[in-house]
Amino acid sequence: QLPNSRDAALRRRAGAVIPGGLWGHLDAARLPAGYPQYYQRAEGCRLTDVDGHTVIDFMCSWGPIVLGHRNPAVEEAAARQAAQGDAMNGPAVVLVELAEAMVAQIPAADWCLFEKNGTDATTACVTIARAGTGRRKILAARGSYHGAAPWCSPSLVGVTAEDRAHVLHYEYNDIASLENAVDQADGDLAGILVAAFRHDLGRDQEMPDPAFARRLRELADQTGAALILDDVRAGFRLDLGGSWEPLGIRPDLAAWSKAIANGHALSAVTGAERFRDAAAGIFTTGSFWCAAVPMAAAFATLTELRRLDGPAHMRAMGERLRAGFEAGAARHGLAIRQSGPAQMPLMLFEGDADFARGNAFCAAALRAGAYFHPKHNMFLSCAHTAADIDLALQAAEAGFAAAAAIG
Ligand code: PMP
């Protein structure tokens, strides 16, 4: 029996009935060799694959798992709601309770509506901005990910030029390029979309420059366009009131998903009073968007995050991981760069354009019991303890040795 035989057998079966084996970002073909595709179970900060290997997880389902896998408070709330009903002919009471909780917790939010995926939320923000302004152009930072719909997908396969006709680009943190893009919109500017921080794949992360964030707010105010914060990835990890609260910059519209319900399928749009009528006017819906179980899970997730001060815990654990990476790399004579918020860390090796060192580091660390990513930001959760971080750093030691062995 090979160590990954069940995973390999499932991949073979999938190859026959699933185009390309798997779609999208969870395709293990995008990961270093040896990463499993299929999982058996998850608990706290640990994942067990179908071949029975257990690792400490630093991807957290690429963001959704913010309290830890199968968090008891969340799963109890979900089970209680499931016993009452989930997809019904209308929402359950928890819809109103959750919308009230979002509006109470998020200073920029005067209203809230719910959807399923992050792409639903960013797309609805764009539609609301257009409805509210009667204009067409949307500005987005070049390279920023906002979802998988034709207007924003990173791939142009199957996408027409018309799908992108009214999307213009600026460079993140570059005020001159932003002003230039506003000029190009030429009086037809509906909204300016911006990610909470720059977290493009395979490059150092960048926090928003406060002057850049202020200029975004000014330009939105001057033109009447909506400032749209894409908080899908960072939301509820950096600040429970919204990732730009510490900067003092409030968006007109914000998109949320990932961490909102600790792994249950939910996303949200929040907005300012000025866009309430526009939000009421657009047609946005989906068969499962009013399902009650994910909303009960979200209400419990937000309650737990407030009770635990989740962002502070994740920051502390991320800083511990970072300090360990720094020390480990130094012991092996390796130069690394660490960037972004500690809750969503990224480590890149210096001079590693093809990610050979990063891949070797991750593959060896995985065998030793820690699941890291070589080029996408990672995610901490409230389930990571200092002891878990220290265990993961022992696994990282094997990773640094493997990275150092590359000539
Ligand atoms: N915006 C950002 C910043 C994201 O990170 C993502 C998901 N990675 C999305 C939007 C799209 O979310 P979803 O995959 O749930 O549609």
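1. The chain holds 11 helices and 13 strands. Both are DSSP runs numbered from the N terminus: helices are H or I with at least four residues, strands are E with at least two. This is a predicted model, in which local features need pLDDT of at least 70, side-chain atom pairs count only at pLDDT 80 or more, and totals for chains, interfaces and linings use all residues. Residues are numbered from 1 along each chain as its sequence is written.

2. Overall size comes next. The C-alpha atoms fill a box of roughly 60 × 55 × 45 Å along the principal axes.

3. Of the 407 residues, 46% are buried. Buried means 20 or more other C-beta atoms within 10 Å of the residue's own; exposed means 12 or fewer; partly exposed lies in between; C-beta atoms are placed from the backbone. Among contacts between residues at least 6 apart in sequence, 75% join residues at least 24 apart. A contact needs C-beta atoms, placed from the backbone, within 7 Å.

4. The domain assignment gives domain 1 (5–62 + 310–404) and domain 2 (72–307). Such bounds come from an automatic or database assignment. The C-alpha centres of the two domains lie 27 Å apart. Their contact takes 15 residues from domain 1 and 14 residues from domain 2.

5. Which elements each supply at least two residues of the side of domain 1 that touches domain 2? They are α9 (310–331), β11 (336–339) and β12 (346–349). The largest share, 3 residues, comes from α9. This side divides into 6 nonpolar, 7 polar and 2 charged residues. Nonpolar covers Ala, Val, Leu, Ile, Met, Phe, Trp, Tyr, Cys and Pro; charged covers Asp, Glu, Lys and Arg; the others, Gly among them, are polar.

6. Now the ligand. It is surrounded by 13 residues, the closest being Asn-117, Gly-118, Thr-119, Val-232 and Arg-233. A residue is near a molecule if its C-beta atom, placed from the backbone, lies within 6 Å of it. Helix α4 (residues 118–133) gives the largest share of this shell, 3 residues. The shell divides into 4 nonpolar, 7 polar and 2 charged residues.

7. Gly-52 sits in the loop between β2 (46–49) and β3 (54–57). Is Gly-52 buried or exposed? Gly-52 counts as exposed, because it has 9 C-beta neighbours inside 10 Å. Gly-52 and Phe-288 are 236 residues apart in sequence and 33 Å apart in space, C-alpha to C-alpha.

Conventions. Two residues are in contact if their C-beta atoms, placed from the backbone, lie within 7 Å.
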